[in-house]
Every structure is written in C-alpha cells, then in structure tokens.
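Here is a short briefing for a reader new to this structure. Please look over the sequence and the fold, then take the points below by topic.

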Amino acid sequence: MSPLDRTRLLEALALAEGSIGLTDPNPRVGCILGHEDGRVLGRGATQRAGEAHAEVMALRDAAAAGHDLRGATAWVTLEPCAHHGRTPPCCEALAAAGIARVVVAVGDPFPQVAGAGIARLRAAGVQVELADADIAAAARELNIGFFSRVERGRPWVRMKIAASLDGRTALANGASQWITGAEARTDGHAWRRRAGCVLTGIGTVLDDDPRLDVRLVATALQPMRAVVDSRLRTPPTARLLAPPGRCIVFAAVDDGAGAALRAAGAELRLRPGADGRVALDAVLADLAALGVNELHVEAGARLNAAWLASGRVDELLVYTAPLLLGEGRAMAALGPFDTLAQGLRFAFVGCQPVGADLRLLARPLAIPAAP
C-alpha cells in the first residue's frame, strides 16, 4: 500500500464517519475516486438504508463534474457489495465505470459479499489490493457493531455510565443531575447517535422518566428505545413510549399491564429467563434480527450488573467527574466478592478529556483493544 493509498483511505474513513446516525442497519462506508498523480475525481459516503452506497455516491460526484473514470483508482473503506439487495452491486458499478484499481480497507463479513465483491472485481479485470493491518483495524472499528451482528449474531453492547471519582452514579437519595458537565452530556449523545437501540431498565424509567433520544447533537435517525421490565411496571405515560420512534418493552410476564402499554405505543415482547427475569440473550437475538448493530445501555446498578454478569458487555463508556460523593449508588450491583480474582477485568482502550471530565473506554480483556 502506497503513502497515497493510506492518505486516501484515511480520507475515506473520515467520510464514512459522517454517515454515523444515518446508515443503520447498513455499515458506514466512504469512497474516494482519483488517480495516482493525486487528482481526486469523486467522493461519496453511504446514505440511508435503501439509498445509494458510498461507491455510487462517489461515481455520481465524478459524473457531475464531467470526469472520465477510465483507469482511475477507487479507495473504499469496506469491500464493495456483490449482491442485489435494495441497491445493485457496487462492484459492477465500479467495473462498468472503467475503474482500473480498487484499494479496500477491510473485507465485508456479510455472507452475500464476504470476498465475492473482490472476486467479481478481479474477474472483471480490476486490480484489487487490501489495506495494511492498521487501516483495516480502523475500518473495522468504525463498523464494530455491523461486524458483531454479522459475525456473532448479536449487537455490540456498549454500557454508558456517568460517575464520580469514587464510582457513584447518584447520591443515596437518587439525585444525579448533574454529576458530569455539559460537554460530557453532549458527547454522550454523540455515542447514543451511533446506536441502533438505546436500552434502559425499569428502575431508571421509574426514577428518571428518560426520553432516551438523541437531542444534543444532530442526527438523521433516532435509535429505537428498549426497556427491560420483567414485571411490566412501565407506566403508559412514560416519556420513552411517546412518538416519534419505536419503543420495545421486554418483559418476563404479562399479568395484564401489557394492553395499556401497547395502547400507549409500546411493542411488548415476552422473553422470560430461567430466573424469572428477562433473558438478556433473547433481547440481543431480537435486536440483532431487527438490524441493531450497536446497543447502547444506560441503566441502573442492578441491570448493569446483570449485563456484566452475563458476559455480554463488549465496552464500557465511562464519564468520570472530578467529584467525590461518598455514600451513594454504585455503577453496578456486583458481588460481594471474596477474592480480587472474582472481579471483572477490563483493559483501557481510550482516555479523553471532555470538558472538566474524563471519558474512559474499556473492554473485557478477551475483547481485542481498539487501534
């Protein structure tokens, strides 16, 4: 991979980042068309599901400027698709335009692509090269949820927590607004925007009556909302049930409250587990079937502990405020443990100041670290 290839792929990744909050359940992809002499002929990023992919947008951009693409190179952050879905195959569109070379950041794990796009380009006489490992890792990271859903059959689970230095998410009386500053809250909404679904528990619904939407940053799509509510205590007046957007209530039993919730706009799904609570694996299977790539969990200590104990949390997103609160509510109601070895171990993969607070990213030690 040449220095120009690296530059163009990094530029294409930046384009793809602009599709966050737009493309779900499709991956975020960027494409740049140009020549080896440095000229750029077209740029594009994936649009809403069912609309044009990045390669087609770049081809349209080049055509609008009157450029001849014969002999040009395409730099694309994900393997061009090879199947007829809601749009035609991008590999065919590139070959038909006369593209001579394609540099792919990372292969597409989707079964109907998974190497077929590269194979069809090569069969059409197009030279195809793959990016270096660090660029491939960055491209995968941008679509970590898409890879998770396709390869593991479940969304990437990200748990967001705002806490004090001593790990308190609220005072003992429940007061929590606001532990972190305005900048951290805005940044948290940017992470919500990445998600196909924002999930909470019944305790948070009863205590805070959250909306769970994206408000503090611009977004083209609102994530669906979900509540884990084993015994259906969600009030029909709860704000997260109100339109626009879809809200799913996952329950273990329905003793008659379901009708009122459905009338209020909720979609009710009974997913009982062996312990009488909602089966979290069933929640993940349902959300994957609905095309959710990234699940954003904002819940209280009990549900956080249940998710963590399940081993299904892929990433912690923790905003830490320079504040000591003493007695109060914990991040997760884990333990008590008898030995340190029983603790859940994570590796820090990111640390970034956000206003007066720190944003920490951590992943279980079994999960590969971010590039």
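Strand β9 (residues 224–228) runs parallel to β10, and 4 bridges pair the two. The model is a predicted one.

**Around β10**

- Valine 227 has valine 249 as its bridge partner in β10.
- β10 also pairs with strand β11 (residues 267–270), in the parallel sense and over 4 bridges.
- On that side, valine 249 stands opposite leucine 268 in β11.
- Strand β10 spans residues 247–251 and is mostly covered, with 5 of its 5 residues buried.
- In a regular strand, side chains alternate between the two faces of the sheet.
- Both faces of β10 are covered. Cys247, Val249 and Ala251 are buried on one side, and Ile248 and Phe250 are buried on the other.

- Strands of a sheet pair through backbone hydrogen bonds, either parallel or antiparallel.
- β1 (residues 30–34) and β3 (residues 73–76) are antiparallel, with 4 bridges. Here isoleucine 32 has tryptophan 75 in β3 as its bridge partner.
- β3 and β4 run parallel and are joined by 4 bridges. Threonine 73 stands opposite arginine 101 in β4.
- β4 and β5 run parallel too, again with 4 bridges. Valine 102 stands opposite valine 128 in β5.
- Which way do the residues of β4 point? Arg101 and Val103 point one way, Val102 and Val104 the other way, and all are buried.

**Helices beside the sheet**

- Arginine 8 lies over the face of tryptophan 75, 6.0 Å from the ring centre.
- Helix α4 covers residues 116–123, and its Gly117, Ile118 and Leu121 are buried. These residues are on the same side of α4, because they cover an arc of only 100° around the axis.
- An α-helix has 3.6 residues a turn, so residues three or four places apart point the same way.
- The buried residues of α4 are covered by elements including α3 (90–96), β4 and β5.
- Just after α4, glycine 125 takes a positive phi of about 90°.

**Aspartate 24 and its contacts**

- Aspartate 24 lies in the loop between α1 and β1.
- Which residues does aspartate 24 touch, not counting those up to four places away in sequence? The answer is Ala49, Arg194, Ala195, Gly196, Leu221 and Asn293.
- Glycine 291 is 267 residues from aspartate 24 in sequence, but the two are 7.6 Å apart in space, C-alpha to C-alpha.

**The aromatic pair**

- The count comes to 1 aromatic pair. Phenylalanine 146 and phenylalanine 147 form the pair, with an edge-to-face arrangement.
- The ring centres are 6.2 Å apart, and the planes are at 85°.
- Are these two residues buried or exposed? Phenylalanine 146 is buried, and so is phenylalanine 147.

Methods:
Residues are numbered from 1 along each chain as its sequence is written. This is a predicted model: local features need pLDDT of at least 70, side-chain atom pairs count only at pLDDT 80 or more; totals for chains, interfaces and linings use all residues. Side-chain values use heavy atoms; hydrogens and water are left out. Two strands pair if DSSP finds at least two bridges between them. Rings of Phe, Tyr and Trp (its six-membered ring) pair if their centres lie within 6.5 Å; planes under 30 degrees apart count as stacked, over 60 as edge-to-face and the rest as tilted. Buried means under 20% relative accessible area, exposed over 50%, partly exposed in between (1.4 Å probe, protein chains only). A charge sits over a ring if NZ of Lys or CZ of Arg is within 6 Å of the ring centre and within 35 degrees of the ring normal. The arc is that of the directions from the helix axis to the C-beta atoms. Contact means heavy atoms within 4.5 Å.
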